[in-house]
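Please look at the sequence and the fold before reading on.

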Amino acid sequence: MTDAVLDEHDIALDQLEYLKTTGNVCADGSMTGWTWLRYHEGDWQALRFATEAVHTREYIHGEVWDRERVVDWLVDNPVTMHPQSSAYRWSPDSKTVWDYADEQDAFSDRDRCVWCGHSDRTRSLGVYETVEDGTVGLCEGCRDDWDRAGELVNGEVLE
Ligand SMILES: [Zn+2]
């Protein structure tokens with residue numbers, strides 16, 4: 001019997017299996033933007049903090065990936081495994097990246113404020129016409145900030 005020679009794909013499959021079967025583990029990696037990944041209630045959840053100007057730096061993009069995308073990401077990425085309970089964006093912090101994602105309902109289909117990311121579960125949202133970003137949903141607090149900054153066409157709620 002010869003020793004099996006593992007390639008990147010084999011290693012990625014091992015990592016995937018580890019993530020899938022080990023509770024409270026997640027991975028992060030910085031390829032194509034810093035991303036955290038976990039297996040949660042049957043879904044591969046990937047999150048990253050926004051880099052686009054239309055969002056705050058706290059806004060979380062949440063995506064559900066299929067298995068193939070997870071494998072590709074693990075092949076391409078040097079990843080670090082963490083307990084989910086200490087997956088901090090910056091350390092120290094009082095909440096993990098997963099807590100922030102839950103707070104914003106980042107993996108739900110809810111409407112979310114385009115600026116701060118909070119959803120209509122916790123904020124009252126309205127749709128506004130903006131000078132540079134078309135029509136966007138904003139919560140009341142963010143609406144006031146955008147209005148003061150001159151980013152709203154007339155500040156009237158459309159929906
Ligand atoms: Zn907001």
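Which residue in E4 stands opposite tryptophan 44? Tryptophan 65 does. The model is predicted, so local features need pLDDT of at least 70 and side-chain atom pairs count only at pLDDT 80 or more, while totals for chains, interfaces and linings use all residues. Residues are numbered from 1 along each chain as its sequence is written, and side-chain values use heavy atoms, without hydrogens and water.

**Strands**

Helices (H or I, at least four residues) and strands (E, at least two) are DSSP runs, numbered from the N terminus. Two strands pair if DSSP finds at least two bridges between them.

| Pair | Bridges | Direction |
|---|---|---|
| E2 and E3 | five bridges | antiparallel |
| E3 and E4 (residues 60-65) | six bridges | antiparallel |

Arginine 38 stands opposite glutamine 45 in E3. The hairpin of E2 and E3 has two residues between the strands, and glutamate 41 in its turn has a positive phi of about 50 degrees. Five of the seven residues of E3 are buried (under 20% relative accessible area, 1.4 Å probe, protein chains only).

**Helix H1**

H1 spans residues 8-21 and reaches 20 Å from its first C-alpha to its last. Ala12, Gln15, Leu16 and Leu19 are the buried residues of H1. They cover an arc of only 105 degrees around the axis, which puts them on the same side of H1; the arc is that of the directions from the helix axis to the C-beta atoms. These buried residues pack against E1 (25-29), E2 (35-40), E3 (43-49), H2 (67-76) and E5 (80-83), where contact means heavy atoms within 4.5 Å.

Methods:
The expected span of a helix is 1.5 Å times one less than its number of residues. Buried means under 20% relative accessible area, exposed over 50%, partly exposed in between (1.4 Å probe, protein chains only).
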